[in-house]
Amino acid sequence: MLRTGPQALVQDLGRPGHAHLGVPPSGALDRPSLALANRLVGNPEGAAGLEVLLGGLVLRANTSCTVAVTGPWAPVLVNGVHRDSPCHLAPGDELAVGAPEAGLRCYVALSGGVAVPAELGSRATDLLSGIGPDPLRDGDELPLGDPVGPPVGVDVLVPAHVPDELVVPVVLGPRDDWFDGAARQLAAGRWVVSDRGNRVGLRLDGTALRRAPEHLGRELPSEGLVTGAVQVPADGQPVVFLADHPTTGGYPVIGVVPEPALPALAQARPGTPLRLQVLPAPPERAVDYYPA
């Protein structure tokens with residue numbers, strides 16, 4: 001690892017199922033992009049790769065391997081020459097990933113996967129709890145596992161679509177009754193993505209959501225949180241929790257963003273306009289319907 005750029009993390013598909021221990025699921029924020037990169041180099045979809053924030057990654061191969069870069073379009077160079085994904089690296093070759101044209105995060109998969117030690121069944125870096133490998137630093141060396149399948153060739157690799165405005169679906173509950181006309185407020189609200197977000201959660205700036213009169217000044221005991229929960233602090237500005245979210249919280253959750261909509265949030269740059277679109281309620285309550 002010659003240079004990491006602003007942030008480079010080892011990520012796989014996470015460690016779900018440990019909320020009772022206070023451990024969030026973690027894992028790649030844009031799971032489809034990591035899974036695609038792994039398929040392209042012949043790995044299982046859940047193999048560990050790299051999540052790269054805003055480019056700037058430069059690595060040198062110490063062994064022969066296949067590499068793929070997915071997510072929003074970003075320049076990929078091998079020894080200074082533009083290359084398409086997937087491509088082969090010989091020992092001594094240098095791979096550079098530039099800043100994406102849109103979005104935030106690119107994903108780098110290497111044949112064999114990044115073989116750092118697993119913790120609680122995953123190699124994912126969890127920035128909230130500190131479980132998993134530390135964020136990568138310049139000069140780090142990454143072990144690779146043995147390749148398990150042949151790379152998958154493609155004629156054209158379509159980059160992840162990053163819209164100029166996000167319309168994010170939300171299933172109401174479990175605490176929508178704490179708000180004065182929750183569905184109406186969400187439908188009328190307009191927000192932009194704040195620059196204070198991270199892997200824990202996406203903060204929104206804009207319409208302040210108003211509590212119902214009977215809940216003004218009240219506090220909730222801490223209760224369980226799931227990935228995609230839309231929590232509303234006292235200032236009324238929503239926070240959408242992402243993969244490194246805390247497992248409990250005391251502010252009311254007005255709704256939950258379904259899992260298929262989360263990758264777009266992972267790519268949302270600060271200043272992106274955003275609307276929340278209320279979906280019909282599923283048979284189960286939202287907090288049970290969408291697992292962490």
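1. N79 is found in the loop between strand 5 (76–78) and strand 6, and its phi is near 55°, a positive value in a residue other than glycine. At 46% relative accessibility, N79 counts as partly exposed. Keep in mind as you look around that this is a predicted model.

2. You'll find L54 in the loop between strand 2 (49–53) and strand 3 (57–60). With a relative accessible area of 35%, L54 is partly exposed. For background, most residues other than glycine have a negative phi, and most peptide bonds are trans.

3. Going from S85 to P86, the peptide bond is cis, with omega near -5°. P86 sits in the loop between strand 6 (81–82) and strand 7 (87–89). A cis peptide bond also joins G173 and P174, where omega is about 10°. For P174, look in the loop between strand 10 (166–172) and helix 2 (182–188).

4. Now for the charged pairs. How many salt bridges does the model have? The count comes to nine. The general idea is that side chains of opposite charge can pair when their charged atoms come close.

5. Take R60 and E94: they form a salt bridge, and their closest N and O atoms are 3.0 Å apart. The pair links distant parts of the chain, with R60 in strand 3 and E94 in strand 8 (residues 94–97), 34 residues apart. R60 is partly exposed, its relative accessible area being 41%. E94 also counts as partly exposed, at 31% relative accessibility.

6. Next, have a look at E223 and R175, whose side chains meet in a salt bridge at 2.8 Å, N to O. E223 comes out as partly exposed, with 22% relative accessibility. R175 is partly exposed as well, at 25%.

7. What about R199 and D244? They form a salt bridge too, with the closest N and O atoms 3.0 Å apart. R199 is in the loop between strand 11 (191–193) and strand 12 (201–206), while D244 is in the loop between strand 15 (239–241) and strand 16 (248–249), so the pair ties together parts that are 45 residues apart in sequence. Are these residues buried or exposed? R199 counts as buried at 2% relative accessibility, and D244 counts as buried at 0%.

8. Q11 is in strand 1 (residues 7–11) and counts as buried, at 1% relative accessibility. Leaving aside residues up to four places away in sequence, Q11 touches S26, G27, A28, L34, A47, A48, G49, E51, A124, T125 and R199.

9. Which backbone atoms lie by the polar atoms of the Q11 side chain? One is the backbone nitrogen of G27, 3.3 Å from a polar atom of that side chain. Another is the backbone oxygen of T125, with a distance of 2.8 Å to a polar atom of the Q11 side chain.

10. Last, some strand pairing, with strand 17 (residues 253–256) as the place to look. Strand 10 and strand 17 pair in the antiparallel sense over two bridges, and L172 stands opposite G255. Strand 14 (residues 229–231) also pairs with strand 17 in the antiparallel sense, over three bridges. Here the bridge partner of V230 in strand 17 is G255. When you trace these strands, remember that in a regular strand the side chains alternate between the two faces of the sheet.

Technical notes. Residues numbered from 1 in each chain as written. Predicted model: local features only at pLDDT ≥ 70, side-chain atom pairs only at ≥ 80, totals over all residues. Heavy atoms only, no water. Helix = DSSP H or I, 4+ residues; strand = E, 2+ residues; numbered from the N terminus. Buried < 20%, exposed > 50% of the residue type's maximum accessible area, 1.4 Å probe, protein only. Salt bridge = Lys/Arg side-chain N within 4 Å of Asp/Glu carboxyl O. Pairing = 2+ DSSP bridges. Polar contact = N/O pair within 3.5 Å; in protein donor to acceptor, adjacent residues only side chain to side chain. Contact = heavy atoms within 4.5 Å.
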